[in-house]
Structures are given as C-alpha cells and as structure tokens.
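I wanted to look up the pockets in this structure and note what lines them. My entries follow the model below.

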Amino acid sequence: MEDTVFWKIVRKEIPAQVVYEDDETLAFLDIAPVTLGHTLVIPKKPFVNIFDIDQETLARVIETVRKVAPIVRDATGALGVHINSNHGEEAGQVVPHLHFHIIPRHVRDGFEFWPKIDCSEEEMDAVAEKIRAGISF
C-alpha cells in the first residue's frame, strides 16, 4: 500500500496537480485523463477500496467529492460530471488506493458508457433475493 503512486503523492514524494487538500483528503488531476479536468479524490490514509475503509473516512472522501465536483464542472465548462470508483482489480481498479474519479462531461466528448447485458426476470429475481438476504444493517 505504501508504494502506490497515490500514497507517494500524499507524502509529497512525487508531484501532482493538487486542486484541493484538507486534513483527510486530497484531490488532484489524473495524469491520464478521460477529459480535461479529470480529477481524483483520495483519502490521505492508506485504504485499498470501499471494502476496508471506515465509515467516517469514507464520509469525508464523499464530502470532498461533493465539494470539488461542481467546481471541476464549472472550471471546465462541462455540462455535468461522471463520478466513478472501481473497487477491486476485476472491477478495473488499477491503483490499490481508494479513489473517486470526477470526469467532466461534454457533448460528444468520446467517453463511452459500459455495455448492457440481457438477463431474464428470473435471474433478476434470484440475484435481488440474494442481495436482500445479505443485508443486515
């Protein structure tokens, strides 16, 4: 965890275009942006993903996402933003440090959404039941 590029950015060992920072979170421009202004928001503590972060720190990260997102939108002249976070390598998480993407969106900007799958009503019913059965909060 301490060797990730994001952890090095937190420790100021490598440069980043930081756009916001507080005691618990950091927001900086992605070095491989989907669109100009693509911003990442991370906790300053080393959490891998949503499965190991505590509720209080996650709330602070989301609060920063909420603060920074409209500023990114307005600064880039975007019509909206796409907010995304991948959790686990199979889900597309490349850096094992929790992070949220704020991606400014423009008409015909080339950003592609994910494909849809076909599934039966029975499959939907079965998976919904499994999810409901696992929820105990």
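I began with residue classes: the lining of the largest pocket has twelve nonpolar, six polar and one charged residues, where Ala, Val, Leu, Ile, Met, Phe, Trp, Tyr, Cys and Pro count as nonpolar, Asp, Glu, Lys and Arg as charged, and the others, Gly among them, as polar. I worked on a predicted model, in which local features need pLDDT of at least 70 and side-chain atom pairs count only at pLDDT 80 or more, while totals for chains, interfaces and linings use all residues. Residues are numbered from 1 along each chain as its sequence is written, and side-chain values use heavy atoms, with hydrogens and water left out.

I took a pocket as an open set of points, on a 1 Å grid over the protein atoms alone, where a 1.4 Å probe fits, with protein on both sides within 12 Å along at least five of seven lines; lining residues have an atom within 4 Å of a point. A volume is the space filled by probe spheres set on the points, which are joined across faces, edges and corners.

For the largest pocket I noted about 290 Å³ of space; of its 19 lining residues, F6, D30, I31, L40 and V95 are the closest to the centre. Helix 1 (5–10) and strand 2 (25–29) each supply at least two lining residues, and helix 1 gives the most, with three. Helices (H or I, at least four residues) and strands (E, at least two) are DSSP runs, numbered from the N terminus.
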